[in-house]
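Here are my notes on this model, point by point. Have the structure open while you read.

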Amino acid sequence: MLLRLEPVISGAEMQETMPFTIVYVVFVRACVFLLTTNYANVVRHTGTRDIDNNLRVVFYGSAVLFSVNILSYLLNGSVVIPTSVLVIEFIALSVMINAYRLLIQMVYFEVINPSREKSNVIIYGSGQHAVLVKKAIEGNSSLKMKTFAFIDNNNNKAGYQIEGRDIFNLHDLERLLKSVRIDAIIIPSISTSYHVKEYIMDLCMEYEVKPMVIPDVRFWISGQLSYDPVTNIDVEELMDRDPIQLDMQSIRKEMRGKTILVTGAAGSIGSEIVKQLLPFKPGKIVLFDQDESPLYALDLALREDFRFTRFETAMGNISDDYRVEKLFMTYKPDIVFHAAAYKHVPMMECNPYEAVRVNVSGTKNLADMAVKYGARKFVMISTDKAVRPTNVMGASKRIAEMYVQAMNRAGKTIFITTRFGNVLG
């Protein structure tokens with residue numbers, strides 16, 4: 001009222017009109033605020049949705065005040081409050097109701113998580129995902145992080161800002177790392193290409209900056225971002241290729257309802273193969289291993305953790321001709337995953353006889369029985385040490401590979417060799 005009428009208003013008019021005006025406007029505003037429960041918002045978590053709701057509630061109150069003015073004019077030829085005063089009041093209240101909430105939010109987070117104690121991070125990207133990442137890390141006091149800047153591979157976005165933070169081109173990253181203390185760079189785990197990850201990783205190693213990844217936004221709904229959104233970069237992120245996408249339908253069609261034999265099932269590779277087979281609903285999995293305790297542990301895990309019972313445990317050594325033939329005669333597997341082997345190079349250097357007996361003779365037994373009893377497919381798990389073998393273990397596995405490859409001409413069984421190794425070494 002003072003802003004609108006100060007040049008002409010008198011003290012008497014103020015005393016006569018202001019008490020009623022104040023009571024009238026406060027009453028209308030209070031009723032609207034109570035009806036919309038706007039007071040129930042937690043102030044320290046004020047966001048864009050809350051600001052939007054605040055503006056909507058202020059608008060509702062102004063609509064009531066304007067409606068009363070229109071009704072009064074139609075009945076009495078005068079308004080209760082000057083229209084220009086209502087406009088000023090609407091603007092002032094809209095600014096103040098949001099400004100005080102944001103001020104309280106800023107003070108609260110600065111008190112519980114002071115800026116001087118936070119580490120500077122750079123976020124790769126400048127889209128909606130990057131904005132959500134910024135809000136997630138800065139809203140979590142336990143992380144003690146603040147966003148210093150965004151970097152993007154898109155030249156058109158460089159020079160702009162997101163929530164007061166500059167967007168730099170990816171090629172400016174090295175200059176930033178030289179001039180400012182940056183503690184970490186956050187990289188989206190899915191949307192970032194390998195070449196960008198490689199470039200960022202090289203700079204992180206050079207300037208001793210921690211590279212971190214964050215789950216794709218699709219997984220946030222499952223709670224992965226609740227209190228621990230960022231993690232150290234996985235070794236898979238350094239692979240010089242995109243992840244291989246498996247044809248899950250084709251695999252399911254091939255495995256569903258089949259009897260599958262896994263040798264070395266209790267070992268690190270064999271047990272993982274068994275667990276990976278479960279979603280494809282095989283008819284039966286035969287677990288073959290000579291190591292009693294790990295085989296029993298796998299038996300318990302399948303029953304209790306995976307609720308899977310369509311399996312049989314069979315103990316024995318793959319170099320035992322009688323045991324292997326009895327196994328094939330009893331179960332007649334459709335598919336064989338052959339993971340049983342001695343794999344430790346130093347141990348096999350000291351025990352070459354065992355390397356040949358198990359890795360060569362054992363594989364020969366299994367391959368012969370697969371052909372004899374009509375297995376449809378035989379997958380041998382070999383090692384990268386067999387590429388140019390310079391040790392007993394590698395040489396024994398290479399001999400086994402050569403025998404398995406030759407068996408493709410011995411019958412209808414399809415023989416496949418795959419090498420597992422330290423491909424990131």
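1. Which residues are exposed on the other side of α11? Tyr-322 and Thr-330 are, where exposed means over 50% relative accessible area, buried under 20% and partly exposed in between (1.4 Å probe, protein chains only). The buried residues of this helix, which covers residues 321-331, include Val-324, Leu-327 and Phe-328. Looking down the axis of α11, the buried residues stay within an arc of 90°, so they line one face of the helix; the arc is taken from the directions from the helix axis to the C-beta atoms. Their packing partners are β8 (259-263), β9 (284-289), β10 (311-315), β11 (335-338) and α13 (352-372).

2. A word on the ground rules. This is a predicted model, so local features need pLDDT of at least 70 and side-chain atom pairs pLDDT 80 or more, while totals for chains, interfaces and linings use all residues. Numbering starts from 1 along each chain as its sequence is written, and side-chain values use heavy atoms, with hydrogens and water left out.

3. Now the overall picture. The chain has 14 helices and 13 strands, taken as DSSP runs (helices H or I, at least four residues; strands E, at least two) and numbered from the N terminus. It has 425 residues, of which 40% count as buried. Among contacts (heavy atoms within 4.5 Å) between residues at least 6 apart in sequence, 70% join residues at least 24 apart. The accessible surface is about 24,300 Å², and carbon and sulfur atoms own 58% of that; areas are by the Shrake-Rupley method with a 1.4 Å probe, and for residues only the protein chains shown count as cover.

4. How many salt bridges does a search of the whole structure find? There are 14, using a side-chain nitrogen of Lys or Arg within 4 Å of a carboxyl oxygen of Asp or Glu as the criterion. Take a look at Glu-254 and Lys-377, whose closest N and O atoms are 2.4 Å apart. Glu-254 belongs to helix α8 (residues 248-255) and Lys-377 to strand β12 (residues 377-383), so this pair ties together parts that are 123 residues apart in sequence. Glu-254 is partly exposed at 21% relative accessibility, whereas Lys-377 is buried at 17%. Arg-376 joins Glu-254 and Lys-377 in a network of salt bridges.

5. Two other salt bridges sit within helices. In α14 (residues 392-406), Arg-398 and Glu-401 are three residues apart, about one turn of the helix, and their side chains meet at 2.9 Å, N to O. Glu-401 is buried, with 1% relative accessibility, while Arg-398 is partly exposed at 26%. In helix α3, Arg-56 and Asp-52 are four residues apart, again about one helical turn, and their N to O distance is 2.8 Å. Both partners are partly exposed: Arg-56 has a relative accessible area of 35% and Asp-52 one of 36%.

6. Ile-70, Leu-71, Tyr-73, Leu-74, Leu-75 and Val-79 make up about 670 Å² of it. Patch members have over 30% relative accessible area and no salt bridge, with like charges joined within 9 Å and nonpolar side chains (Val, Leu, Ile, Met, Phe, Trp, Tyr) within 5 Å. Val-79 is in the loop between α3 (48-76) and α4 (83-112), partly exposed at 39%.

7. Some loop residues deserve a check. Lys-281, in the loop between α9 (268-277) and β9, has a positive phi of about 55° although it is not a glycine; Lys-281 is partly exposed at 45%. Arg-307 also has a positive phi, near 50°, in the loop between α10 (292-304) and β10, and is exposed at 67%. Lys-412 sits between α14 and β13 (414-420) and is exposed at 83%.

8. Last, the cysteines. The whole structure has zero disulfides, judged by a pair of cysteine sulfur atoms within 2.5 Å. Cys-204 is buried at 2% relative accessibility, whereas Cys-350 is exposed at 63%.
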